[in-house]
Amino acid sequence: MSLLTKGKKNIKISICAFSFLALVIIASQCFAQSGTPSSEQQMTSRQYMQQLYSVFDFVERNYVEDVEPKVLFEGAMRGLMNSLGDQFSYYLDAESMTSMNDTTVGNFGGVGLSITKEVKSTADKPAYVEVVAAIEDTPGAKAGIMTGDLITSINSTDTASISMNEVLSLLRGPVGTTVSFVIKRGEMELPFTITRALIEVQTVKYTMIDKTGYLRIIEFTPQTSGRVKEALESFKKSGYTSLIVDLRNNPGGILSAAEEIADMFIDEGVIVSTKSRIQSENKVKFASSKNTIVPKGMPVVVLIDHNSASCSEVLSGALKDSKVAYLIGETSYGKGSVQLVIPIPHGDIGIRLTISKYYSPSDSNIHGIGIPPDLEIKNVEIAENEQEAFQNLIKDDVIKPYVANHQNMSEKDIANYAKELHKKYPLDLRFLRRIIRVQVYHAKDLPLYDKDYDEQLTKALEIVNSKDFATLIKSTKTLKEIENERLASEQVASAKESK
């Protein structure tokens, strides 16, 4: 390399460096605000907004390629909401606003799954579609898809790389057509092929089990309290002497619906309170005896599980603290906060923001903790050593053709076939009978309850019909008492560790 050539190269480098330096100076002038405080703690909200606007403007005008203002805006909105560190507060783009309450495909042919999906997908954490709930009596529920399942592909399309709108377009289709999934459940990957149906969601179902009213609340909507009132009046006409309220797999809904239903059980005192920085959101909902429908002292059991969330916890917490109901099942989800969906003007977008936390009658907030049952009974689960057998059963798809060739199977037929399956697929016999039974009733509604499979329900029936229910309910602890015991235990453990 000649000296002249080397010199020219140095000149080019100097020019580039000068241009970069000039850009830095311009940027500094661009972002600088008159009277900007030296300390970050002294920055006002307005000054932060001015800085944000300056960065937005500078990036839009100087990025190496043209960039749409909408892209920058949505990125900033997502970052702003994500910075709260609250999984229940997030930005809603146009697709999300449209599908937020309609991920079950509404009046289209669909599979009956309430779903959610992370916006950002990474190699470490792919943004697969997560099942929030499989709605009762829909194809998804009948196929055995469960809350917490991850849908990794739909019709061979990887769900991590597509938007929620694209997911919904894959789920939707003419009634009677099929859609194929791959589900990730723990370490298992399970294939499903499901026939689409018209999805019509019922919020309440009920029946009598001998002299016990059985009330299943699927979700809390503006219509739910009216349906519950109808159920309770029906039970009264049937001469019910006890009641079971099933809140398992209920993801929540509208707070006012839970309050109205609780008021049908509780004749006085606090139902729930909300606490917020916003004065108008600091509220206390009291029960009124004029709204009471369930007779005072009637044995009531509430069934909960780890998918009972939000308004399900408002209702179960109110009935527990008020000594009205005995809780059976598993510790609930633990969502003790209230959100508002706030549309953003001049667009079909918005935000979902946590504005308050709710507290039970004993003044306990269960966010991140959940409500423990008075009696814990876990549902039948597939043990680790049974996973391979379950995967093989799903892949071999032997139950569907067998049932098709053996119409109108009786309970005895179901039990005998379960024993045959058990020889090749060593799973819990109750579980095998259950999945055979689901297939037997595939073309019609499943019975509302299944005492053979449902140990929690069986125990609930035993307890509501026991003579010492009143003594049992008096012995239960309020959520505040449980909270105080937990805090005391944590303090003792902490003291031991510090020694």
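**Surface and overall make-up**

I looked up the accessible surface of the protein chain first. It comes to about 27700 Å². Carbon and sulfur atoms account for 53% of that surface. I note that the model is predicted.

Next I checked burial. The protein chain has 499 residues, and 40% of them count as buried.

I then listed the secondary structure. The protein chain holds 16 helices and 19 strands.

I also looked at how far apart in sequence the contacts reach. I took those between residues at least 6 apart in the protein chain; 67% of them join residues at least 24 apart.

**Helices α2 and α3**

I turned to one helix pair. Helix α2 covers residues 45-62, and helix α3 covers residues 69-82. Their axes lie 10 Å apart, and the packing angle is about 145°. The crossing of α2 past α3 is right-handed.

Which residues meet here? From α2 I found F56, V59 and E60; from α3, P69, L72 and F73. By class, this contact has 5 nonpolar residues, 1 charged residue and no polar ones.

**Residue T152**

I picked T152 next. T152 sits in strand β5, which spans residues 150-154.

Is T152 buried or exposed? Its relative accessible area is 10%, and the cut-off for buried is under 20%, so T152 counts as buried.

I looked for its contacts, leaving aside neighbours within four places in sequence. T152 touches Y128, T157, D158, T159, V182 and K184.

I also checked P126 against T152. The two are 26 residues apart in sequence, and their C-alpha atoms are 8.9 Å apart in space.

Conventions:
Residues numbered from 1 in each chain as written. Predicted model: local features only at pLDDT ≥ 70, side-chain atom pairs only at ≥ 80, totals over all residues. Heavy atoms only, no water. Helix = DSSP H or I, 4+ residues; strand = E, 2+ residues; numbered from the N terminus. Buried < 20%, exposed > 50% of the residue type's maximum accessible area, 1.4 Å probe, protein only. Contact = heavy atoms within 4.5 Å. Areas by Shrake-Rupley, 256 points an atom, 1.4 Å probe, with all protein chains shown as cover. Axes fitted to C-alpha atoms, helices over the stretch in contact; angles between N-to-C directions. Left-handed = near helix turned anticlockwise from the far one by under 90°. Nonpolar A, V, L, I, M, F, W, Y, C, P; charged D, E, K, R; others polar.
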